[in-house]
Amino acid sequence: MDKNTLLQLAKDIIAGNAPEIETCKTLASIPEHDAFTLLPGADMIRNHYFGKTVHLCNICNGKSGRCTENCTFCSQSKFSQTDVPVYPLLSKEKLQEGALYAAEAPVNRYSIVTSGKRLSKKEVEAVAEAFSELDSDKVSYCASLGILDQEDFETLKAAGVSRYHHNLETAESFFKNICNTHTYQERVDTIMAAKAAGLSVCAGGIFGIGETDLQILELALALRDLDVDAVPINFLVPIKGTPLENHSGLTPLRCLKIIALFRYILPNKDIFICGGRTANLKSLHPMVFYAGASGIMTGNYLTTTGQTLQQDLEIVDQLGFTTK
Ligand code: SF4
């Protein structure tokens, strides 16, 4: 596909015509050294839906380590030998700190993220109590507490949480390669339960874990079918002591290609670039917006460090974008 064909495709997508599956496969198969041909169309679609505004979110690692699950990319799994901090659910005051910071900064969303298959009911109530004391006028709230049920989601919603984050992580056809302590279907069911409780949903995945181009497409199409509201894209940062410690299949161009593909498939969804942004995109990381991203996670990630808010704001400003 040349640039003109891709620009026409972008115009068709903006006009409401989703690409045929064969076109999607062609997009997914574009070699990464041609990634830049995807960018003008992806940028056109992003600009149509989001204009010059980019969204920022920040997170707090509310409970860290000793997870019973065996996700191969994760340093918090008890099956990995890493030196990530291990601590139980933080105090209410600690959970609230990031929200108070976000409220005074140009940050749109603050999320409390916890390790483990799911928080206990008591812990969900503690997180809900922390949120319930916060003012949601200046910042919106999101939670990522594992495989919860509808009752938990209703508790969180009543406390002021508007969005639940739960990644599919990867394509269904690849999921067993990265985790076999829970199933892909459990993740889908969690997303459905969050939606049923009236929460918006943030769900995406992690790339560079051994998936193929077509499995990247498979994930994008699954998220489209689930009609999630926001899509976080994470790029693997191999961590010593995890099964993927020596894995490095990503290049900056491959990362841009993945972002652009997601923008063509999920034209009006908020696409956030999260973990592994600077580590994998290196000097190309400001290009994420031109590849179709409408937002970034700022500050530190769960177990790896990111850029400071000030550094991200400078880039956003230099590129001519604005924040809230
Ligand atoms: S990704 Fe989540 S569920 Fe999987 S091991 Fe890490 S903390 Fe546990």
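1. S111 sits in strand β2, residues 109–114. Strands here are DSSP runs of E with at least two residues, helices are runs of H or I with at least four, and both are numbered from the N terminus. The model is predicted: local features need pLDDT of at least 70, side-chain atom pairs count only at pLDDT 80 or more, and totals for chains, interfaces and linings use all residues. Residues are numbered from 1 along each chain as its sequence is written, and side-chain values use heavy atoms, with hydrogens and water left out.

2. S111 also carries an annotation. The unreviewed UniProt entry places a "binding site" feature at S111, C142 and C202. These positions are spread over 92 residues of sequence, yet they cluster in space, with a largest C-alpha distance of 10.8 Å. UniProt positions follow the numbering used here, feature names are shortened, and annotations may be inferred rather than shown by experiment.

3. UniProt (unreviewed entry) gives "domain: Radical SAM core" at residues 49–277. Over residues 49–277 the chain is 37% helix and 17% strand. The end C-alpha atoms of that stretch are 22 Å apart.

4. Which residues are around the ligand? They are C67, E69, C71, F73, C74, S77, S115 and G116. A residue qualifies if one of its heavy atoms lies within 4 Å of the molecule. By class, the shell has 4 nonpolar, 3 polar and 1 charged residues. Ala, Val, Leu, Ile, Met, Phe, Trp, Tyr, Cys and Pro count as nonpolar, Asp, Glu, Lys and Arg as charged, and the others, Gly among them, as polar.

5. Next, α1 and α3. Helix α1 (residues 3–14) packs against helix α3 (residues 35–50) at about 20 degrees, with axes 8 Å apart. That makes α1 roughly parallel to α3. Angles under 35 degrees count as roughly parallel, over 145 as roughly antiparallel, 65 to 115 as roughly perpendicular and the rest as oblique. Axes are lines fitted to C-alpha atoms, for helices over the stretch in contact, and angles run from 0 to 180 degrees between N-to-C directions.

6. The contact of α1 with α3 includes L6, L7 and I14 of α1 and F36, M44 and Y49 of α3. Contact means heavy atoms within 4.5 Å. By class, the contact of α1 with α3 has 11 nonpolar, 3 polar and 2 charged residues.

7. Helix α2 (residues 21–29) meets helix α10 (residues 252–265). Their axes come within 10 Å and cross at roughly 165 degrees. α2 is therefore roughly antiparallel to α10. C24, L27, A28 and S29 in α2 meet K257, L261, Y264 and I265 in α10. These residues divide into 6 nonpolar, 1 polar and 1 charged.

8. α2 also packs against helix α9 (residues 213–226), at about 130 degrees with axes 9 Å apart. The two are therefore oblique to each other. On the α2 side, I21, C24, K25, A28 and S29 take part; on the α9 side, D213, L214, L217 and L221. The classes are 6 nonpolar, 1 polar and 2 charged.
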